[in-house]
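Subject: Structure for your review

Dear colleague,

Please find the structure below, together with its sequence. I would be grateful if you could read the notes that follow alongside it.

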Amino acid sequence: MDPQLQEKINQIQLVQQNMQNLAAQRQQFHIQLTELESALKEIGSSPKTYKIIGNIMVAQDKEKLHAELIEREEMTKVRIASIEKQEAKMREKVELVQQE
């Protein structure tokens, strides 16, 4: 097999593996986002709020916990967007290598 062709195949395989890793990370962040959204809904209808710290559950100020969850939700959305940009760049890279 032509060494250049083998190198292109190796590049594509490496990028595909990276894309699979990113897809797994994106999926984990989507799961976290769903959990955060669910927690925010529950806080709205709960008179008391609690936070799990380690192995114990501690009462927490509702507003403080709400603000913390909102911040985590925003960070998770930023991470998802970042991963999606990386995936798009990798797709472009694969397309360029395939066109060569």
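This is a predicted model: local features need pLDDT of at least 70, side-chain atom pairs count only at pLDDT 80 or more; totals for chains, interfaces and linings use all residues.

Residues are numbered from 1 along each chain as its sequence is written, and side-chain values use heavy atoms, with hydrogens and water left out.

Helix pair. Helix α1 covers residues 3-45 and helix α2 residues 62-99; their axes come within 8 Å and cross at roughly 160°. Helices here are DSSP runs (H or I, at least four residues) and strands likewise (E, at least two), numbered from the N terminus. Axes are lines fitted to C-alpha atoms, for helices over the stretch in contact, with angles from 0 to 180 degrees between N-to-C directions. The two helices, α1 and α2, are therefore roughly antiparallel (an angle over 145 degrees). The contact of α1 with α2 has 19 nonpolar, 10 polar and 12 charged residues; Ala, Val, Leu, Ile, Met, Phe, Trp, Tyr, Cys and Pro count as nonpolar, Asp, Glu, Lys and Arg as charged, and the others, Gly among them, as polar.

Nonpolar cores. The largest nonpolar core has 11 residues, including Ile12, Met19, Phe29, Ile83 and Val97. A core is a set of buried Ala, Val, Leu, Ile, Met, Phe, Trp, Tyr and Cys residues joined through side-chain atoms within 4.5 Å, where buried means under 20% relative accessible area, exposed over 50% and partly exposed in between (1.4 Å probe, protein chains only). Apart from it lies another core, of five residues, among them Leu36, Ile43, Leu65 and Leu69.

Individual residues. Glu73, in helix α2, is buried at 11% relative accessible area. Leaving out residues up to four places away in sequence, Glu73 touches Leu33, Leu36, Glu37 and Leu40 (contact means heavy atoms within 4.5 Å). Gln60 belongs to strand β2, residues 56-60, and is also buried, with a relative accessible area of 17%. By contrast, Pro47 sits in the loop between α1 and β1 (49-53) and counts as exposed at 79% relative accessibility. The C-alpha atoms of Pro47 and Ile80 are separated by 32 Å, the two residues being 33 residues apart along the chain.

Yours sincerely

Terms used
Angles under 35 degrees count as roughly parallel, over 145 as roughly antiparallel, 65 to 115 as roughly perpendicular and the rest as oblique.
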